[in-house]
Structures are given as structure tokens and as C-alpha cells.
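This briefing sets out selected features of one protein model, grouped by topic. Please read the points alongside the sequence and the coordinates.

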Amino acid sequence: MDKMDSFDTPTDTNFDYMYKVLIVGNSGVGKTAFLMRYCDDNFSQSFVATVGIDFKVKNMYRQDKRIKLQIWDTAGQERYRTITTAYYRGAMGFILMFDLTNEESFHAVKGWAATIQDLSWENARAVLVGNKSDLTDSRTVSEEQCRELSQTLGFEFFDASAKDGNNVKGVFEYLVDAISIKMAESIEKNPNFLPRGTRPRTVDPAAQDTSSCSC
């Protein structure tokens with residue numbers, strides 16, 4: 001049996017850490033499709049804009065640790081911005097997504113990055129994802145532009161495709177590893193460190209301060 005099968009139900013409490021991750025970016029860049037490909041391994045061509053915010057739970061093993069991911073899919077429309085930005089608090093990781101066939105979504109990335117910097121935990125990790133890499137004939141954002149922006153922001157960059165699954169799993173694995181490394185560094189400095197958005201298996205949830213809740 002694969003390790004994942006032993007705790008692959010969303011209600012399973014048998015895990016070492018729970019990380020809260022947000023997928024952010026303009027409307028229509030494929031955030032929901034990306035999440036569905038990762039969590040359910042399926043893809044739909046129909047586009048239905050996310051209203052407000054939604055989430056899924058996914059489990060993985062990384063570095064012998066059982067990680068439960070609480071992945072939030074945020075609406076990209078301006079009218080939902082007040083609602084969605086409230087969820088930045090306590091997030092350990094961000095997937096900042098744009099559409100490789102849509103230059104407007106690419107130019108909006110710096111604004112989204114600034115919001116992450118302003119509202120999230122100072123040590124939160126983020127990755128930059130150019131989605132729809134399968135649409136090679138329609139691509140309007142070059143690889144060079146992507147690399148330059150990722151260097152400017154200090155975010156690792158991935159070309160990806162929710163449609164064919166390219167780099168979808170790799171994005172999440174990279175982000176989880178980056179979060180875990182930052183957590184390890186923080187715990188080394190302070191053994192009692194418990195960042196908002198994480199929930200070690202050994203901690204009794206009922207005993208935690210509700211201000212640290214990742215709900």
C-alpha cells in the first residue's frame with residue numbers, strides 16, 4: 001500500500017503538520033482547474049468563476065512527515081477582494097498564478113505579490129506559476145519575462161498546465177518543502193515556535209488560542 005493511502009481522507013487527524021495554502025491571481029487564470037487537477041486528478045474545460053473562496057484538503061508525505069494541506073481557491077474579481085484577503089492571515093504558502101496566454105494577468109502579478117507581502121505572515125513562502133503551458137500557440141508571455149519577474153519577486157517560477165497536469169504536483173511539492181524548511185529554521189531558533197496556519201499533531205486543538213486558528 002502506498003503511504004498516502006493510509007491517511008488519505010480529509011477528516012483523518014493522523015498527520016504531523018497542517019499547512020494553509022492559498023492560490024491567488026486574476027480571474028480566469030485557471031486556479032480552480034489547477035486545484036481540481038491536483039486534488040482530484042481531473043480537468044474540465046468549463047469555466048465557472050469562484051464566488052468568494054473555496055477549499056480542498058490534500059494529504060502528502062514529504063521528508064517522512066505526514067502533511068495535510070488545506071488549499072484555498074480564491075476569487076480573482078475585485079469585488080471579492082475584501083473577503084479573500086482576510087484569508088491571507090495564517091497562510092504558510094501562496095501559489096501566485098497567471099495565464100501564459102494573457103498578458104494582463106501577468107502584469108497584475110506584482111500587485112498580488114504586494115498584497116501577499118502586506119497581509120501574510122512574514123515568513124510565508126510563495127511560488128509563481130504560469131498556467132496553461134499546453135497552449136503553446138497562444139502563449140503571449142515569454143519564458144524570459146517569467147524568469148525576470150520571478151527573480152524580481154524572489155519567487156521560484158514554474159510553467160504548468162492544469163489541463164495536462166504538467167508541473168502541478170511539482171508546484172505543491174516544492175512549496176511544501178519550502179514551508180517545511182522555513183519552519184525548521186524557526187523551530188531551531190525557538191523550540192516553542194508555532195506559526196499561525198500550522199497544526200502539529202501533538203498539539204491539542206482545544207487548548208490552542210483561537211486567534212491561531214487556520215479556519
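In this predicted model, K110 and D118 are exposed on one side of helix α4. The buried residues of the helix are V109, W112, A113 and I116; seen down the axis of α4, these fall within an arc of 100°, so they line one face of the helix.

**Helix α4 and W112**

- An α-helix has 3.6 residues a turn, so residues three or four places apart point the same way.
- W112 belongs to helix α4 and has a relative accessible area of 5%; because buried means under 20%, W112 counts as buried.
- Between the C-alpha atoms of W112 and L96 the distance is 7.4 Å, although 16 residues separate the two in sequence.

**The second largest pocket**

- The volume of the second largest pocket is about 350 Å³.
- Its lining consists of 19 residues, of which A124, A126, L153, G154 and F155 are the closest to the centre of the pocket.
- Two or more lining residues come from each of α4 (109-119), β5 (125-131), α5 (143-153) and α6 (168-189).
- Helix α4 makes the largest contribution to the lining of this pocket, with four residues.
- By residue class, the lining of the second largest pocket comprises 12 nonpolar, four polar and three charged residues.

- Strand β5, helix α5 and strand β6 form a β-α-β unit of right-handed sense.
- The pairing of β5 with β6 (residues 156-159) is parallel and runs over four bridges.
- Within this pairing, V129 lies opposite F158 of β6.
- Both β5 and α5 also give two or more residues to the lining of the second largest pocket.

**Helix α1 and the residue after it**

- Helix α1 spans residues 31-40, and its buried residues include K31, F34, L35, R37, Y38 and C39.
- Directly after α1, D41 adopts a positive phi of about 55°.

Definitions and conventions
Residues numbered from 1 in each chain as written. Predicted model: local features only at pLDDT ≥ 70, side-chain atom pairs only at ≥ 80, totals over all residues. Heavy atoms only, no water. 1 Å grid on protein atoms, 1.4 Å probe; cavity = no way out; pocket = protein on both sides within 12 Å on 5 of 7 lines; lining within 4 Å. Points joined across faces, edges and corners; volume = space filled by probe spheres on them. Nonpolar A, V, L, I, M, F, W, Y, C, P; charged D, E, K, R; others polar. Pairing = 2+ DSSP bridges. Right-handed = clockwise from strand over helix to strand, strands pointing away. Buried < 20%, exposed > 50% of the residue type's maximum accessible area, 1.4 Å probe, protein only. Arc of directions from axis to C-beta.
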